[in-house]
Amino acid sequence: MRSRMRLGDFLVAYLLRAGVTHLFGLPGDLVLGLFQRFGRTRGLEIVTFSHEPSVGFAADGYARSTRRLGVLCVTYGAGGHNVVNPVAGAYAEQVPLLVLSGGPGEAEQKLGGIHHQAKDVEGQHRIFRELTCDARILRHPDLAATEVHEVVGRVLSEHRPGYLEIHRDMVDVVIPVPREIAAWDGTFPRPASDERKLAEAVADAAARLRRAKRPILIGGVELFRERAEREFLTLAEKLGAPVVTTMLAKGVFPMDHPLHMGIHIGPFSPPEIQRRVRSADLVLALGSRLTDMDLGGAPPQVRRDRSVWAVNERVNVSFHTYTDVTLRDFVARLAREKLPRGRERVRYFDNLRKTRFAPGAATPLSINDLLLEVNHFLAERSGYDVFAESGDMLFGGLEVRLRGGSLYFAQGYYASMGFAIPAALGAQIGTGRRSLVLCGDGGFQMTGPEIAHAPRRGLSPIVVLVNNSGWGIFRPVTPRQDLLEIPPWPYAELAQAWGGVGIRAQTRQELREALRAAHEVREFVIVECVVPRDDLSPISRRYIRASARKARPQSGRAASQGRAKAGPRKDVAVRKGRAART
Ligand SMILES: Cc1ncc(C[n+]2csc(CCOP(=O)(O)OP(=O)(O)O)c2C)c(N)n1
Ligand SMILES: [Mg+2]
């Protein structure tokens with residue numbers, strides 16, 4: 001970087017220094033100058049898709065899988081508004097994205113209205129202020145470099161999206177680059193723990209671990225975000241205690257490790273896991289947030305007085321709270337303590353029925369058997385990352401067991417449809433690793449056609465497309481089945497037409513053969529799995545029923561509305577003449 005540069009050139013140099021290799025974008029006249037600047041640069045490649053939501057999801061997949069900054073570049077208004085949903089998802093799921101938007105120049109703003117504008121010039125900026133940790137319009141040449149540095153610094157330390165709006169007349173403006181930014185090494189310092197609080201938190205937790213007879217570890221998603229997986233593994237092996245992970249943290253602990261017991265999702269966990277968590281005399285919950293998806297929509301099954309609960313920068317040991325302690329420091333330090341080693345024999349549990357593979361059987365392919373086949377495939381071939389789409393496969397994906405160093409990605413909390421296929425493409429662009437995508441037909445109809453971009457970039461995901469002719473996850477809870485229909489697409493034929501390979505599988509054997517064939521080819525593959533309309537994965541059915549129950553009016557509200565006539569509320573127990581909530 002030089003001490004004075006055009007803003008566009010500075011941005012390119014800055015992103016290269018931050019380790020960014022690819023940008024995801026879709027051009028428009030209000031961003032074209034910036035777009036071309038990125039496109040001209042060696043070492044920074046611009047990747048386009050057909051619709052902006054996919055641009056956002058691809059940048060998200062790139063950021064999650066490479067752990068670098070994901071950058072997207074879109075035009076103002078029509079383009080920027082189109083990435084609201086993926087950016088909101090990245091905010092909710094703490095993915096470091098940088099949104100670069102173009103915008104109208106100063107002279108044209110004075111016209112009174114410029115095409116693509118919604119309410120007023122600043123409207124888009126206001127929207128993104130809601131969805132990012134920092135959002136700026138770069139207006140002042142003297143401040144521009146510092147503003148970029150501040151926004152990116154916050155994005156990377158808070159793991160939330162940031163937003164920079166660069167109006168088209170700013171791209172070629174020469175800006176000063178402060179010396180410390182020109183000399184920047186591309187990294188930001190990690191937040192540090194308060195040494196005294198860290199030592200005390202660790203001593204407190206270690207003392208309880210030494211007394212515990214049946215501890216268990218719950219791994220949460222922040223272990224991944226804070227890059228503390230290795231420390232977590234060391235701690236688990238030192239304790240020899242069973243490990244479960246939450247739904248959002250699937251894959252944060254090697255799923256083929258002998259201490260892995262499975263996925264904990266509150267009351268939806270396999271009964272053996274629920275029993276083991278309940279009978280633990282100490283639960284070490286590390287990096288897990290209290291979301292409905294982590295807890296299975298129920299209050300925690302873990303008693304606070306028998307737990308150590310650490311999230312980033314805060315550790316609760318029973319009822320003691322230690323602030324300013326980072327998760328990674330806490331786990332690493334705890335793993336260095338003298339701790340007793342358990343000898344429990346741990347088994348892995350999931351929710352699948354272990355049906356036998358019968359070659360030649362013409363029985364229709366069930367979701368249960370589809371997932372068994374995906375596991376069979378992954379057990380024999382390492383190196384595939386797995387992406388799961390919202391819909392039945394978000395829960396079905398819980399049953400997938402990864403091997404080796406494979407990673408698992410899903411929008412487990414924000415749960416937007418349309419994520420998985422573009423995210424898998426963005427991930428392969430960043431890591432070079434091929435992925436297996438679990439996707440419903442409804443999800444595919446949102447962003448799946450973006451897979452047509454795969455051949456020209458040499459991308460090769462294998463999509464296991466579950467064709468149940470509609471938005472199947474809602475079938476158990478909706479009387480109006482007709483509202484869940486979608487048009488029948490010839491998915492396998494479309495794959496062929498788009499330059500990939502399409503295979504239709506209607507039985508378990510056909511699926512096994514299709515996956516084997518998919519592994520052998522270098523193109524992308526869609527394995528269209530035709531399944532019975534009403535079949536669902538084991539957890540989806542239970543989850544969607546429980547969720548529908550919550551949608552009904554609460555008995556409390558219903559009862560209180562009719563209280564005058566009906567007497568005491570039904571959700572209230574009358575004890576010693578006083579009303580107390582049950
Ligand atoms: C963007 C978005 N819109 C709507 C939803 C609500 N939603 C969740 S699952 C689902 C249907 C999924 O259908 P499909 O992809 O075919 O999966 P299936 O459950 O049938 O396997 C819908 C509409 C959502 N999660 N995201
Ligand atoms: Mg479907």
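## Close-up views of a predicted model

View 1. Trp-471, Phe-474 and Val-477 together make a nonpolar surface patch of about 250 Å². This is a predicted model, in which local features need pLDDT of at least 70 and side-chain atom pairs count only at pLDDT 80 or more, while totals for chains, interfaces and linings use all residues. Residues are numbered from 1 along each chain as its sequence is written, chains are lettered from A and ligands numbered from 1 in the order in which they are written, and side-chain values use heavy atoms, with hydrogens and water left out. Patches are made of residues with over 30% relative accessible area and no salt bridge, joining like charges within 9 Å and nonpolar side chains (Val, Leu, Ile, Met, Phe, Trp, Tyr) within 5 Å. A salt bridge here is a side-chain nitrogen of Lys or Arg within 4 Å of a carboxyl oxygen of Asp or Glu. Areas come from the Shrake-Rupley method with a 1.4 Å probe, and for residues only the protein chains shown count as cover. Val-477 sits in the loop between strand S19 (462-467) and helix H20 (491-497); helices (H or I, at least four residues) and strands (E, at least two) are DSSP runs, numbered from the N terminus. With a relative accessible area of 32%, Val-477 is partly exposed. That label covers the range between buried (under 20% relative accessible area) and exposed (over 50%), with a 1.4 Å probe and protein chains only.

**View 2. The surroundings of ligand 1.** There are 17 residues around ligand 1, and Asp-441, Gly-442, Gly-443, Gly-470 and Gly-472 come nearest. To count as near, a residue needs a heavy atom within 4 Å of the molecule. Over at Ser-390, an N or O atom of the side chain is 3.4 Å from a nitrogen atom of ligand 1. Taken alone, ligand 1 exposes 590 Å², and the protein buries 78% of that.

**View 3. The magnesium site.** Which residues hold the magnesium ion (ligand 2)? Asp-441 (OD), Asn-468 (OD1) and Gly-470 (O) coordinate the ion, at 2.0 to 2.1 Å. Donors are N, O and S atoms within 2.8 Å of the metal (3.2 Å for Na, K and Ca), and water is not among the atoms, so sites may look incomplete. Along the chain, the donors of the ion follow the spacing D-x26-N-x1-G. Asp-441 belongs to helix H18 (residues 441-447) and Asn-468 to the loop between S19 and H20, so the pair ties together parts that are 27 residues apart in sequence. Asp-441 is buried, at 2% relative accessible area, and Asn-468 is buried too, at 7%.

View 4. Look for Arg-136 in strand S6 (residues 134-137). Is this arginine buried or exposed? Arg-136 is buried, with a relative accessible area of 17%. Its side chain makes a polar contact with the side chain of Glu-147 at 3.2 Å, and another with the side chain of Glu-150 at 3.0 Å. A polar contact is a pair of N or O atoms within 3.5 Å; within protein, one must be able to donate a hydrogen and the other to accept it, and residues adjacent in sequence count only if both atoms are side-chain atoms. Arg-136 and Glu-147 are 11 residues apart in sequence and 7.7 Å apart in space, C-alpha to C-alpha.

**View 5. Thr-326 in its loop.** Thr-326 is found in the loop between strand S15 (320-323) and helix H14 (327-335). At 8% relative accessibility, this threonine counts as buried. The side chains of Thr-326 and Asp-329 make a polar contact (3.1 Å).

**View 6. Two residues with positive phi.** His-116 is not a glycine, yet has a positive phi of about 80 degrees. The loop between helix H5 (106-109) and helix H6 (123-131) is where His-116 lies, and this histidine is partly exposed at 33% relative accessible area. Arg-227, not a glycine either, has a positive phi of about 55 degrees. Arg-227 sits in the loop between helix H10 (222-225) and helix H11 (229-239), and counts as partly exposed at 37% relative accessibility.
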